[in-house]
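Subject: Structure for you to look over

Dear colleague,

I am passing on the structure we spoke about, and I would be grateful if you could look through it alongside the notes below.

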Amino acid sequence: MKDRLAAAVKQSRADYTEVRVERTWSSAVAFRGRRLETATVSEDQGGFVRVLNKGCGWGIASFTSLDELPAMVTRANELSRAVRLEEPIRLAELAPQTADGVLDLDGDVRGIPLAEKKKLLDRYNTAMLGVSALIVDTQASFRDEVSEVWYVNSEGTSLYQLRPEVVVSGTAIGRRNGSIEKGLESIGLRKGWNSVQGFENQFRVVAQRAVDLLAAPRVRGGAYPVILDNELAGVFIHEAFGHLSEADFVYENPQAREMMTLGRRFGKPVLNVGDNGAASGLRGTLPYDDEGTPTQDTALIREGILVGRLHSRETAAKLGERPTGNARAISFRHPPIVRMTNTYIAPGKKGAGFKDLISDIKLGVYACGAFGGQTMLENFSFTAGWGYMIRDGQVAELVKDVVLAGNLFQTLDRIDHIAGDFTWNQMGGGCGKGGQFPLPVTEGAPHVRIEEALIGGDV
Amino acid sequence: MIDAVLARARGKGGVDNADALWRRQEQTAVAFESGRLKAAGISEEAGLNLRVLSKGRMGVAGTTAATPDPTALLDRARASAELGEMVELAFPDSSPQSQPRIPTYFDRTANASLDNLIRMGKLLVERLARPDCQINVAVEREIAETAVGNTAGARGEYRATGIAVAVDITRIAGDDVLMVYDQYVGADMPGDADLETLVRSVETRLTAALKVVTPPEGTLPVVFTPAGLAAVVLPLEQALSGKTVLQGSSPLAGKVGETLFDERLSIIDDPLTPGRPLSRPVDDECVPSRATALVAHGKVGRFIYDLETAARAQTESTGNGRRGIFGKPHIGYTNILFRGRDGVGTPQPYALGGGLIGDIDDGLIVDDLIGVGQGNVISGAFSHPVGLAYRVQRGEITGRVKDAAVAGNAYELLKKIGGFGSDGRWLGARYSPSLLLEGVSVARR
């Protein structure tokens, strides 16, 4: 296959040409309530070509019919030449890479019968349904894939990568009269069959939470000191800060560049943030990104100061920085754009625990789990799965509808305590940007305290 | 393409029943980044989705292979069915209802050259360029061919076009980030008037947002613009899906015919609306298209169904089956139209507030909320920080508010609608005016 790509690249008349071909084997099982929705095996394949010419823009072609590869290289070249640019697009220097990056399959999902996958998911689904008669509905899904990706460009890079992925998730819906609540569990790994066994109890826990939330009051809106649990702190750093550190946001925008000047203080000295695409075994992990750049651990905030950002080769060249291996595409249907991989808040002082964060809070909110998050750069929102009031230094009653609304600059600056209890959130789902969703990413964080944050809700 | 696989399904060693969908899509896109044309691209994709009923059980398989092997696809679908559930689907047949005729394919759109698309983008960039703003424009044209059919003899075939022109403007001043977004989406190319409306809409939103004012606080009247309405509409969309009803998690289950909303409110799902990209003569299960009254004069109307959900709920499909290349058909809305009594005055699709703010002493216009769809949507409750919102004082827009969150419950708020705006417009697949809703909770920092 590499030879086929190399031949197509060789016959290209463009100044720069890259070709990516993917073949993805996947299987999926889903339950809704007690009923099986689907159990399928799929094979998807296609190609992507991107070319660049001096004085011209990007020409891009994606296609499912691989026989068309040579024709698509020609088409992409025509498209590039139709885009006239005064300021040329440059790509940061990168030594040619040639490698086979084969990630550990940890139980090759292609060898497991679909019936076994159904059985596993049935156990998790039954665990949720069995918690209470108040669990009126569930959604459970299992999805695995093994993706083979070939990448060749005209600078001599030639790569083959084998990327496994497995995601098991469940939503339990509890209902009592008119009120409806949900609990959500999701496990997502860049691994295989062996890594998703034995999670019955986790699924039971989320179903029980959906039931408990039915009786819980809504949190009262207002400003509180807030402690985020590991999962929510991870989602927070991804949403609130991670997207701003993607260099495609600043590279063409002088005002944005000023706002994100390296050296600017973003938080107190306790705050350290980074993105590590080379971390072992996580969902956002890749040996190489989709431009053939090796992934790495990139420091973004060090002791409260902005020290780095995430790059593609284009954004790195424009800003005179080095590519970081963050150019990613969700599939051959899309061009690579600047994305996160495994984004984290580094742990605080060793031994610093939850107790140290909560003990001096008179009235506050302990926000846990994440239903999701969205950012509009300066402003963001994230929805906790559930929460507790904090009263007189203690975790008090369960509350629901905990939505944190925030301003990035104020909120980062108000992080005043970070515990030492770091964990990665091994979740499914993914990140969305520029019409590309869901991109596998991971977030990691310890417990984090924000001196004051706005919680939405009735006032 | 589907004939071969359906023939194979009907043949010896075949299955009880089957239906299939083949779709080929070709997209052409141009992207302007920070006012400059940066990229042009095409994308071509074709795929075949097959569903079978084998020994009463349902299974599916899909492929994007250029020349699919019918036997291999059928084998995969049958293997899927071995694990599948029992169901009896009422596949539409060839005889009865004639398929409605509706224009879905517009030559102007299909034949628009790359230069056409670039010119349109350039025009918008030129009209909207401001020294303190970054402007991105994306123009995407799609041409699709669909063939759908089943072993009961039904066949549907149509071609469709779609075009989307999206503008987003970002203005950063110090740490203040302002983002304004709008779009034209249609099956036919936008005319000069459509592009003018897009320009005026973006300009109006941007100009009114330049000044930042303190947000109000308390329980207040709020005008939700067609874009801002998403948080209010989403719970209804979920609750009116036959799937949610069947699963027992819809708060509207068992309430058909009850008046739960303002009597002036009607909402329909209409796949036969001319000129919309989601309009089509048949759905993805070959069921002829027809409009469904979701809410009729404040009463809960009909839920929407695909074939499988209809079979399980012992009703009939409303023609809302949708399927991709992989996976089984599911329920999907087409075009959702709000049919409220329109406000007085001349229609102004780009006016902010839709003529509803005159009597507001203190309140908000909400044009965008952050995080819609994340919470416990089905319950109707929402709570979101504002993405783009304006304060209204003594009947006038006084500026943009930041660091505020709005919360409410869609079911409570829609019981009494304060007013329907005169700014009815399409936003993606939804047509609505602005709605004035009373008693929305507004919190600020």
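What follows is a summary of what was found, beginning with chain B as a whole and ending with local details.

Please keep in mind throughout that this is a predicted model. Chain B contains nine helices and 22 strands, and 55% of its 445 residues count as buried. Its C-alpha trace spans about 75 × 55 × 35 Å along the principal axes, and its radius of gyration of 24 Å agrees with the value near 22 Å that a compact globule of 445 residues would have. Among the contacts in chain B with a separation of 6 or more, 72% are accounted for by residues 24 or more positions apart.

Chain B is divided into domain 1, residues 2-207, and domain 2, which is made up of residues 211-232 and 340-444. The centres of domain 1 and domain 2 of chain B, taken over C-alpha atoms, are separated by 30 Å, and eight residues of domain 1 of chain B are in contact with eight residues of domain 2 of chain B. On the side of domain 1 of chain B that touches domain 2 of chain B, β6 (176-186) and α5 (192-209) of chain B each supply at least two residues, with α5(B) giving the most, namely five residues.

Turning to the contact between the two chains, 71 residues of chain A and 61 residues of chain B take part in it. Strand β2 (residues 35-52) of chain A provides the largest share of the side of chain A that touches chain B, with 11 residues, and that side as a whole divides into 29 nonpolar, 26 polar and 16 charged residues. Strand pairing also runs from one chain to the other: strand β3 (residues 58-63) of chain A and strand β2 (residues 36-54) of chain B pair in the parallel sense over six bridges, and Gly59(A) has Ala40(B) in β2(B) as its bridge partner.

In helix α1 (residues 2-10) of chain B, the residues Ile2(B), Val5(B), Leu6(B) and Ala9(B) are buried. Seen down the axis of α1(B), these buried residues fall within an arc of 100°, and they therefore line one face of the helix. The buried residues of α1(B) pack against β1 (17-33), β2, α2 (70-83) and β4 (133-150) of chain B.

Chain B also has an open sheet of six strands in the order β11-β10-β9-β14-β21-β20, in which the pairing is mixed. Because β11 (299-300) and β20 (425-427) of chain B stand at the edges, each with a single partner strand, one side of each is left without a neighbour in the sheet.

Lastly, in chain A, strand β23 (residues 431-433) and strand β24 (residues 436-439) pair in the antiparallel sense over two bridges, with Cys431(A) opposite Leu439(A) in β24(A). The hairpin of β23(A) and β24(A) has two residues between the strands, and Gly434(A) takes a positive phi near 55° there.

With best wishes

How values were computed
Residues are numbered from 1 along each chain as its sequence is written. Chains are lettered from A and ligands numbered from 1 in the order in which they are written. This is a predicted model: local features need pLDDT of at least 70, side-chain atom pairs count only at pLDDT 80 or more; totals for chains, interfaces and linings use all residues. Domain bounds come from an automatic or database domain assignment. Two residues are in contact if their C-beta atoms, placed from the backbone, lie within 7 Å. Helices (H or I, at least four residues) and strands (E, at least two) are DSSP runs, numbered from the N terminus. Ala, Val, Leu, Ile, Met, Phe, Trp, Tyr, Cys and Pro count as nonpolar, Asp, Glu, Lys and Arg as charged, and the others, Gly among them, as polar. Two strands pair if DSSP finds at least two bridges between them. A residue is buried if 20 or more other C-beta atoms lie within 10 Å of its own, exposed if 12 or fewer, and partly exposed in between; C-beta atoms are placed from the backbone. The arc is that of the directions from the helix axis to the C-beta atoms. The radius of gyration is taken over C-alpha atoms; the globule rule is 2.2 Å times the number of residues to the power 0.38.
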